[in-house]
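Open the structure in your viewer and keep the selection tool at hand. The tour goes from one selection to the next and says what is there.

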Amino acid sequence: MRVVASIAGLVSSTQNCSGQGYYYPEDVALGLPAACECLQCFTGVQCEIEDRECALDVTTVELSAAMPWFDQNAKMVEENLGSHYHMDYLDKPAWLAPEPGHFHMASARLSSRLNSTIRELHRVVGNAETDGYQVVVGSGAIQLLTGLAHLLAPTSDTSLYAEAPFWGCWTLLADFVQNLTLTNRTDLQPSKVVELVTSPNNPNGHAMRPTYTSGAARISDFVYYWPHMTNITSKRTEDIMVFSMSKLAGFSSSRVGWALIKDAQLAAALDHYIFMNGQGAGVEAQYRAVKVLGAIAESEKTKTKSFFSDTRRIFEMRWAQLRTVLEHSTRYSLSDTTPGVPFAWVRCTGTPDCTADFARVKVRVGPGSEYGDTDAAHVRLTLYQDEASFQLMLRRIGRLVQEELVV
């Protein structure tokens with residue numbers, strides 16, 4: 001959530017809104033007044049005032065912490081689209097098939113470049129095989145995951161299984177997709193199961209393995225399997241693998257995700273699903289994805305200003321700061337979480353309502369019940385938001401720990 005503070009022309013592109021908001025000159029070009037767009041819990045003309053009654057929401061995964069790298073490498077990712085750039089439909093906006101000669105139309109050149117850029121990024125990083133795979137692009141990973149769950153659940157008695165704790169949206173996905181019912185059972189007939197395996201896992205960061213080892217349809221959610229968040233131990237070769245630009249680099253509002261799929265028929269079916277549900281990522285989003293993913297791949301190839309090395313240092317510093325804040329607490333610990341991913345799975349002991357504890361110091365966390373945590377002994381909070389919000393979160397959690405120590 002952000003608040004726009006009108007500045008009546010006082011803001012220039014050189015001002016930084018106190019480091020607690022953003023100024024977008026692009027908005028002025030649309031006729032909007034020059035203004036700071038304040039981050040949540042900050043207000044004022046220059047976002048200089050902290051709203052102490054505002055509840056800081058740390059439930060949404062953002063990657064604003066990676067922003068410094070993009071600011072330092074702006075020329076690699078800046079966009080300059082002409083007045084009539086791709087007014088017509090793209091030939092293949094979603095299914096980027098690899099067969100030679102497929103991209104024969106001028107309207108497919110952007111899709112072709114996105115295809116090759118995604119494949120090159122995985123080749124350089126070494127986290128996923130792309131030879132023998134189809135690439136299907138969607139409006140973020142959730143569109144792809146929803147489409148795949150729909151296609152892999154042909155009958156009404158199909159169960160969706162994910163080992164707890166799991167991302168809370170799996171519950172929403174099961175409710176949304178016809179024929180699917182979320183289950184925690186591990187003894188079902190595998191042919192009637194679609195299993196979602198997220199690794200590293202959301203919300204605890206653990207490396208995960210499938211529970212149904214054979215016979216079940218499996219979707220491998222690898223949106224966090226990148227070297228700035230975890231060690232890349234192998235090149236993954238699962239049948240269906242899903243990735244997301246927002247979880248790799250940020251730019252969440254651009255809505256770009258992709259799936260690597262071995263089965264060409266399934267890729268074609270997913271392409272049709274996406275076509276009937278908005279036709280996937282628009283041309284501007286695809287253009288940005290080519291620039292962003294290409295810049296990351298190039299930095300990794302040259303090892304000059306490496307995106308993964310630079311952002312990993314920032315991420316490691318964030319985790320160290322959170323550990324420092326919690327180190328003297330006996331009530332809130334990081335013992336059940338694996339560092340690296342953009343969220344912490346905080347274990348709570350000796351308190352009847354951990355969510356309420358954080359709410360008392362104006363920090364809104366994700367309750368464990370939303371992630372399949374049956375004993376309500378955990379909450380999830382995020383770490384890779386903008387620097388000002390992260391530091392505000394630390395200060396407020398510090399007050400919570402101080403209350404505990406005083407008592």
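This tour of a predicted model visits some salt bridges and then a pocket.

**Stop 1: Arg 395 and Glu 50**

Begin by selecting Arg 395 and Glu 50. Their side chains form a salt bridge, with 3.8 Å between the closest N and O atoms. That falls inside the cut-off, which asks for a nitrogen within 4 Å of a carboxyl oxygen. Now colour helix H12, residues 387-406, and strand S5, residues 49-50. Arg 395 sits in helix H12 and Glu 50 in strand S5, so this pair ties together parts that lie 345 residues apart in sequence. With a relative accessibility of 42%, Arg 395 counts as partly exposed.

**Stop 2: Glu 79 and Arg 288**

Next, select Glu 79 and Arg 288. A salt bridge joins their side chains, at 2.8 Å from N to O. Here too, distant parts of the chain are linked: Glu 79 is in the loop between helix H3 (74-77) and strand S7 (95-96), while Arg 288 belongs to helix H9 (residues 283-302), 209 residues apart.

**Stop 3: Glu 120 and Arg 123**

Move to helix H4, residues 109-125, and show the side chains of Arg 123 and Glu 120. Both residues are in this helix, three residues apart, so about one helical turn separates them. They form a salt bridge whose closest N and O atoms are 2.8 Å apart. Glu 120 has a relative accessibility of 23% and counts as partly exposed.

**Stop 4**

**Stop 5**

Clear the selection and pick Val 61, Trp 167, Cys 169, Tyr 224 and Lys 247. Of the 24 residues that line the second largest pocket, these lie nearest its centre. The space in the second largest pocket is about 450 Å³. Which elements give two or more residues to its lining? They are helix H5 (141-151) and helix H7 (245-249). H5 gives the most, with three residues. Colouring the lining by class shows nine nonpolar, nine polar and six charged residues.

Definitions and conventions:
Residues numbered from 1 in each chain as written. Predicted model: local features only at pLDDT ≥ 70, side-chain atom pairs only at ≥ 80, totals over all residues. Heavy atoms only, no water. Helix = DSSP H or I, 4+ residues; strand = E, 2+ residues; numbered from the N terminus. Buried < 20%, exposed > 50% of the residue type's maximum accessible area, 1.4 Å probe, protein only. 1 Å grid on protein atoms, 1.4 Å probe; cavity = no way out; pocket = protein on both sides within 12 Å on 5 of 7 lines; lining within 4 Å. Points joined across faces, edges and corners; volume = space filled by probe spheres on them. Nonpolar A, V, L, I, M, F, W, Y, C, P; charged D, E, K, R; others polar.
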